[in-house]
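Visitor: Hi! Could you walk me through the aromatic rings in this one?
Guide: Happy to, let's bring it up.

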Amino acid sequence: MLLKIAKSSVVLALAAGSMYANAFNEQAEKDREALIKYFESKFEDAEKNKDKFFANSTDEELTKFTKGVKHNDFALGTYAYNSPAKELYDTNKEAFLPYEDNIAKGEEFYNKSLKGCFPDPTVSNEYPKFDEGKKSVVSLAEAINACITAADPKAKKLGSGDKDMQNVQAFFAAKAMEAGKVVDVKITSKEAAEAYERGKKYYYSQRGYLKLSCATCHVQGTGQRVRNEYMSPLLGATTHFPAYRNSSNALFTLEKRMSGCINDEGQKAPKEDSKDMQELLYFMGYMSNGMKIDGPDLRK
Ligand code: HEC
């Protein structure tokens, strides 16, 4: 089934060529608009679109797909189109939010260690950022670590496995959401546009013995199942992290969630602080531009 998806002819533009003519984000904007169009038309009416997009799905499962899913709705991941799963999600959210304590602990950590570097705690929507001095992409996690090591050069960098990192990201997400922020990743130089293109290339490159790319599953594959799980869209993939996974009873940063996903496919995930990971996050973040921050959130 996966190979069938991989071979499917629906491929989004991996455009090359002269792209820096006027604005540095010109190509990225074209990609983002194309992606919105692709997902909105795919999920306009899944039953009607069976031949075009869902040839491997049963009629029965397509009857349960939400119709007329719009741009901002995709922030919900699979719940944007899978109506039975969405019902369960709504019930769970009404009953109990398991990450409230994480947000409170994150706020304590922020007040103690990060306030000097982030006087405004509502700016996580602007990450990843391109550092024009260093000419490299800086994820939110890296910016947090830069703050910690600036205060104490001997301090250890925090990774996704560290509670302080999970908690403070939960606090930042909650603050940005409260302030009504939307994802706002910027591309303001030729080098930034090149970093974006490398992230995009990673996302669309086939890897491993199954020859899968992220896009195989999260663009062409969205709406189809693998290991009995429906696959979420690239559009809105970064809006709701860190996400609390009920299956693990823990908060997952975006890096950790992605690494898990890549490892599940028998591939080696790039290190959290590697250039590959930063640029991959940069591309994914840009694709979610304009969408509301909606984190932390619940996932299976
Ligand atoms: C073989 C298919 C497959 C491939 C390839 C794949 N994923 Fe996934 N991914 C899944 C499945 C299944 C899930 C769990 C259901 C879902 O999408 O939320 C998932 C979940 C995720 C999530 C969490 C979504 C959420 O809202 O909680 C992210 C982020 C993600 N993948 C990113 C990636 C990236 C980046 C790549 C490429 C480096 C990748 N995935 C490659 C199948 C895949």
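Guide: One term to start: buried means under 20% relative accessible area, exposed over 50%, and partly exposed in between (1.4 Å probe, protein chains only). This is a predicted model, where local features need pLDDT of at least 70, side-chain atom pairs count only at pLDDT 80 or more, and totals for chains, interfaces and linings use all residues. Residues are numbered from 1 along each chain as its sequence is written, and side-chain values use heavy atoms, leaving out hydrogens and water.

Visitor: Okay, is F39 buried or exposed?
Guide: F39 counts as buried because its relative accessibility is 0%.

Visitor: And how many aromatic pairs are there?
Guide: The structure has 24. Rings of Phe, Tyr and Trp (its six-membered ring) pair if their centres lie within 6.5 Å; planes under 30 degrees apart count as stacked, over 60 as edge-to-face and the rest as tilted.

Visitor: Why is the pair of F39 and F74 tilted?
Guide: Their planes are at 45°, so the pair is tilted, and the ring centres are 5.6 Å apart. F74 is buried too, at 1% relative accessible area.

Visitor: Which rings join them in a cluster?
Guide: Ring pairs link F39 and F74 with Y38, F43, F53, F54, F65, Y81 and Y230.

Visitor: New topic: where does R207 lie?
Guide: R207 is over the face of Y202, 3.7 Å from the ring centre. A charge sits over a ring if NZ of Lys or CZ of Arg is within 6 Å of the ring centre and within 35 degrees of the ring normal.

Visitor: What about the charged end of R245?
Guide: That one sits over the ring of F252, 5.2 Å from its centre.
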